[in-house]
Amino acid sequence: MEKLSNPQRTIEVIKKYEFCFQKKFGQNFLIDGHVLDKIIAGAGVTKDDMVLEIGPGIGTMTQYLAEAAGKVVAVEIDRNLLPILQETLADYDNVKVIHADVLSLDLEKLVQEENGGRPIKVVANLPYYITTPIIMALFEQHVPLANVTVMVQKEVAARMKSGPGSKDYGALSLAVQYYAEPYIVANVPCNCFMPRPNVDSAVIRLTRYEEPPVQVKDEKMLFKIIRASFNQRRKTLQNGLNNSSELNFTKDQIAAAIAEAGFSPSVRGEALTLEQFAKLTDILLKA
Ligand code: SAM
């Protein structure tokens, strides 16, 4: 059967099933075989891998994944796509489609059941309205992962990769870089999708660290402090931590911790590295 990456074939399937694109589900389907080849190569998918695909759509990337991987589990929220997937994936016996909202699934349990708890690869052209919650759920739930290779909005990829001093640096950069090493696999223009999104996209691979690059006594507290520091971007670190509803330190404790960590009282959160946030967290934990 001809692949769906041929735009003509995608149009035929859409027409046959009278499928209506749903904006609320972030439905922009890939129609470019070169981009799909780059994603599969970038993710390093082999026959030894189980791949979790989030949002298979009409199955365009799923067809490529099924050919490269040992097994593919694809989670799709839109029930209107299920009969289409039944037809487009009929030639593959190593694909399982689950009808669910990926954010409501127990992914650790899924990896246990589908891959005996061994690390999986996640490959997806993500629905952009929930990119960050999906990535954070994968890392924070400690799902056994080798890597996550995803199509995201170009600006979001830049945020995940950036460091102190960049305008893109923020809580997402630090969270991603605590868990994984980011690498941009490809930039993807909007004409590679149907319908075309209003933004350009990029494929980013996040390779999970076996151990985080910094040691901290309380991971949850580290992220509360990071969120508080970036909540009010133009304020000082001290004000950000004072004004956070997630933290209970006094003004004096915060000022003393910032001094003990060796920072100026007027320092801003956006100037601190992950290592410096970890140091500040450990000092505040003693307060
Ligand atoms: N993988 C396909 C492709 O590349 O052509 C479709 C990608 S499209 C950008 C995103 C897909 O995610 C859509 O099929 C959409 O219905 C699905 N989706 C949106 N929200 C979801 C959720 N919470 N859980 C699972 N799938 C979701």
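An unreviewed UniProt entry places the feature "binding site" at Asn28, Leu30, Gly55, Glu76, Asp101 and Asn125; UniProt positions are given in the numbering used here, feature names are shortened, and annotations may be inferred rather than shown by experiment. The model is predicted: local features need pLDDT of at least 70, side-chain atom pairs count only at pLDDT 80 or more, and totals for chains, interfaces and linings use all residues. Residues are numbered from 1 along each chain as its sequence is written.

Leu30 lies in strand S1 (residues 29–30), strands being DSSP runs of E of at least two residues, numbered from the N terminus. Leu30 is buried because 24 other C-beta atoms lie within 10 Å (buried, 20 or more; exposed, 12 or fewer; partly exposed in between; C-beta atoms placed from the backbone). Neighbours within four places in sequence aside, the contacts of Leu30 include Ser5, Val35, Thr60, Cys192 and Asn125, a contact being a pair of C-beta atoms, placed from the backbone, within 7 Å.

Asn125 is located in strand S5 (residues 120–125) and counts as buried, with 27 C-beta neighbours inside 10 Å.

Beyond four places in sequence, Leu65 contacts Ile40, Val45, Val51, Glu53, Val72 and Val123.

Notes:
Contact = placed C-beta atoms within 7 Å. Helix = DSSP H or I, 4+ residues; strand = E, 2+ residues; numbered from the N terminus.
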